[in-house]
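Here is a short report on pockets and a ligand. Keep the structure in view as you read.

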Amino acid sequence: MEDGKCNGGATAVLPEIKFTKLFINGQFLDAASGKTFETIDPRNGEVIAKIAAGDKEDVDLAVNAARHAFDHGPWPRMTGFERARIINKYTDLIEQNIEELAALDSIDGGKLFHAGKMNDIPAAAGHFRYYAGAADKIHGETLRMTRPSMFGYTLKEPIGVVGHIIPWNFPSIMFAMKVAPALAAGCTMVVKPAEQTPLSALFYAHLSKEAGFPDGVINVVTGFGTTAGAAISSHMDIDKVSFTGSTDVGRKIMQAAAASNLKKVSLELGGKSPLLIFDDADVNKAAELALLGCFYNKGEICVASSRVFVQEGIYDKVVAKMVEKAKDWTVGDPFDSTSRQGPQVDKKQYEKILSYIEHGKNDGATLLTGGNAIGDKGYFIEPTIFADVTEDMKIYKEEIFGPVMSLMKFKTIEEGIKCANNTKYGLAAGIVSQNIDVINTVSRSIRAGVIWVNCYFAFDLDSPYGGYKMSGNCRESGMDALDSYLQVKSIAMPLHNSPWM
Ligand code: ADP
């Protein structure tokens, strides 16, 4: 790590970029084509490093390594207890490198350094620790066979070679959320980080070597979605692909899986999550929660509470409080500990968000605060709140993935539920109320995979996370995620020498 000066004036400890090549079969390698791509610092648009641009040939090499490690290597054959020992060592190494990993995600993705240090990297380590604890507790069942002369049981076996395709908004947590349960299950894998944020994944690859994973168990192929990503989703020798990203790309991955070897597909996709604030809510807390839910990680989070519905009795008060607080929401250098919001991940995302803001203005929504880019360097955008948003507007319907909130008023509980469900997505929802009847009714009526009551982003290692409707088809975290990297084998045999049919 070296001292450096950031855009915006904050002095930061910038990470030294040590790893830029593909990690295949325990070695750092150039791409077969020799090609590289530039990873960009969103604080200023400058090039951080040139990264190996993996393509089909490199994915083939990585899959061969993973296949060999699965079919012939020790990893799936070890006891869970032995796997846990290595995963725990890996976790120790991650914990020893928290600052460097957080700094890599900050410089690459514009993420707040202090949030990375306090949340993202410890949470990533937590996933490895949690699944290390689960690795030796993978059980089958003893079956109660209908024919008493038969004995039957199930075994849970690792699914095989997994392809993990990872997004750029939480590079470390996403890496851990996918890699940790797959490792505990005994799978081997090829990880493709997003082209915007490859740096931390390569550092995790380096640490995996130090931790002592056998070669070929974890491979990292950096590169683009349409090349390296597509080669993974259509590969004939990958048994499962786990993807987090946009709904459009999720659909392509499912199509590629269907057109190749019918590999299993786990999708965690977009969202347009509602936050419902009821009349009995504490105005100050509700406003704080709404801002956090929508602007955390600069709105680049699939569970962002981008549609906020406030009951009419406290609407005016909550709106006034939100606007007041949004004006104090500091946007700045992600290495500055006073910043609450860094730059958007890249120019494309920055321009996309600004174009949604223009749609909001042109479609007749009322701009209460924000609405502009900040500065002439880097990809900073003001936290933006629109009121009077109607269901036909683009900003109501589509996932923006930026710091843009749509604010609406509702009257009755039934109307609130109807509004919340008025979306093709179903990832998360928030409820702010002290009334247990309201909480119970609403939480059971919203079609979403995660409901947070009087809190938001209450992710937990043991709490399954995933979407209803077009937000996806899988659950990550908790024991459900481990199950998704296992398959069930039924074994039956006659008891004694009885005839078998
Ligand atoms: P966003 O639209 O938010 O940038 P994407 O869904 O495009 O997110 O990207 C998430 C991940 O999916 C990235 O690792 C990206 O490289 C990968 N990806 C993009 N397109 C494809 C594709 N056609 N096939 C496989 N992976 C892809």
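How far does a polar side-chain atom of Glu195 lie from an oxygen atom of the ligand? The distance is 2.6 Å. Such a polar contact is a pair of N or O atoms within 3.5 Å.

This is a predicted model, in which local features need pLDDT of at least 70, side-chain atom pairs count only at pLDDT 80 or more, and totals for chains, interfaces and linings use all residues. Residues are numbered from 1 along each chain as its sequence is written, and side-chain values use heavy atoms, without hydrogens and water.

**The ligand**

| Side chain | Ligand atom | Distance |
|---|---|---|
| Trp168 | oxygen | 2.9 Å |
| Lys192 | oxygen | 2.9 Å |
| Glu195 | oxygen | 2.6 Å |

The ligand alone exposes 550 Å², and the protein buries 85% of that. Areas come from the Shrake-Rupley method with a 1.4 Å probe. Around the ligand there are 17 residues, each with a heavy atom within 4 Å of it. Ile166, Trp168, Lys192, Glu195 and Ser246 are the closest.

**The largest pocket**

The largest pocket has a volume of about 1,200 Å³. A pocket is an open set of points on a 1 Å grid over the protein atoms alone, where a 1.4 Å probe fits, with protein on both sides within 12 Å along at least five of seven lines. Its volume is the space filled by probe spheres set on the points. Lining residues have an atom within 4 Å of a point.

The lining has 42 residues, and Trp168, Gly245, Ser246, Val249 and Lys348 are the closest to the centre. By class, 18 are nonpolar, 12 polar and 12 charged. Gly counts as polar here.

Which element gives the most to this lining? H8 does, with seven residues. Helices H7 (225-233), H8 (247-259) and H11 (347-362) and strand E12 (240-244) each supply at least two. Helices (at least four residues) and strands (at least two) are DSSP runs.

Where does the largest pocket lie? Domain 1 (19-269 + 474-487) and domain 2 (274-460) both give residues to its lining, so it lies between them. The domain bounds come from an automatic or database assignment.

**The second largest pocket**

This pocket has a volume of about 360 Å³. Of its 19 lining residues, Asn119, Phe170, Ile173, Met177 and Phe459 are the closest to the centre. Helix H4 (113-134) and helix H5 (171-185) give two or more residues each. The lining has 13 nonpolar, four polar and two charged residues.

Notes
A polar contact is a pair of N or O atoms within 3.5 Å; within protein, one must be able to donate a hydrogen and the other to accept it, and residues adjacent in sequence count only if both atoms are side-chain atoms.
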